[in-house]
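Good morning, and thank you for coming. I would like to guide you through one protein chain, from its overall layout to a few individual residues.

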Amino acid sequence: MGKLRLWVMCKSCGREFDTRMRLDRKSFERGTLAANYHLCPHCGQRLTYRKADYLIQEEQPKSTITPPE
Ligand SMILES: [Zn+2]
């Protein structure tokens, strides 16, 4: 099962960035993720984000790509 990449939209400048957090889906669903600090690479603001703020992307496995039939 692929991991989820957690992105957020910066509360200061409104741009999306990768928090570099990686969780599997179960951990994300079970986790509270109440308050995490993330530093925006665009504007340098370090702000707190909670679970509802995360934008989820499925991480694609790199080495085991099977072509579609
Ligand atoms: Zn920002």
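Let us begin with the chain as a whole. Buried residues account for 10% of the 69 residues in the protein chain. Please keep in mind throughout that this is a predicted model. Among the contacts with a separation of 6 or more, 53% are between residues 24 or more positions apart.

Which elements make up the secondary structure?

Strands of a sheet pair through backbone hydrogen bonds, and the pairing may be parallel or antiparallel. In our chain, three strands form an open sheet in the order E2-E1-E5, with antiparallel pairing. Strand E2, residues 16-23, and strand E5, residues 54-58, are the edge strands, since each of them pairs on one side only. On average, and with direction ignored, neighbouring strands of this sheet are turned by 30° against each other.

Let us take the two pairings of this sheet in turn. E1 and E2 run antiparallel and are joined by six bridges. One of the residues involved is methionine 9, whose bridge partner in E2 is glutamate 16. E1 and E2 also form a hairpin, with six residues between them. In the turn of this hairpin, glycine 14 has a positive phi of about 80°.

The second pairing joins strand E1, residues 4-9, to E5. How many bridges are there between E1 and E5? There are five, and the pairing is antiparallel. Here valine 8 has tyrosine 54 in E5 as its bridge partner.

Next, I ask you to look at the other pair of strands. Strand E3, residues 36-39, and strand E4, residues 46-49, run antiparallel and are joined by four bridges. Leucine 39 finds its bridge partner in E4, namely arginine 46. E3 and E4 form a hairpin as well, and six residues lie between the strands. In this hairpin, glycine 44 takes a positive phi near 80°.

Which residues other than glycine have a positive phi? One of them is arginine 20, with a phi near 70°. Arginine 20 is located in strand E2. Is arginine 20 buried or exposed? Arginine 20 counts as exposed, because it has 9 C-beta neighbours inside 10 Å, and the cut-off for exposed is 12 or fewer.

Leucine 33 is another example: its phi is positive, at about 45°, although leucine 33 is not a glycine. Leucine 33 sits in the loop between H1 and E3. With 17 C-beta neighbours inside 10 Å, leucine 33 counts as partly exposed, because a residue is buried at 20 or more and exposed at 12 or fewer.

Finally, let us consider threonine 32, which is placed in the loop between helix H1, residues 25-30, and E3. Threonine 32 has 7 other C-beta atoms within 10 Å and is therefore exposed. How far apart are threonine 32 and arginine 50? In sequence they are 18 residues apart, while in space the distance from C-alpha to C-alpha is 8.2 Å.

To close, I return to the sheet: its strand order is E2-E1-E5, and its edges are E2 and E5. Thank you for your attention.

Technical notes
Residues numbered from 1 in each chain as written. Predicted model: local features only at pLDDT ≥ 70, side-chain atom pairs only at ≥ 80, totals over all residues. Pairing = 2+ DSSP bridges. Axes fitted to C-alpha atoms, helices over the stretch in contact; angles between N-to-C directions. Contact = placed C-beta atoms within 7 Å.
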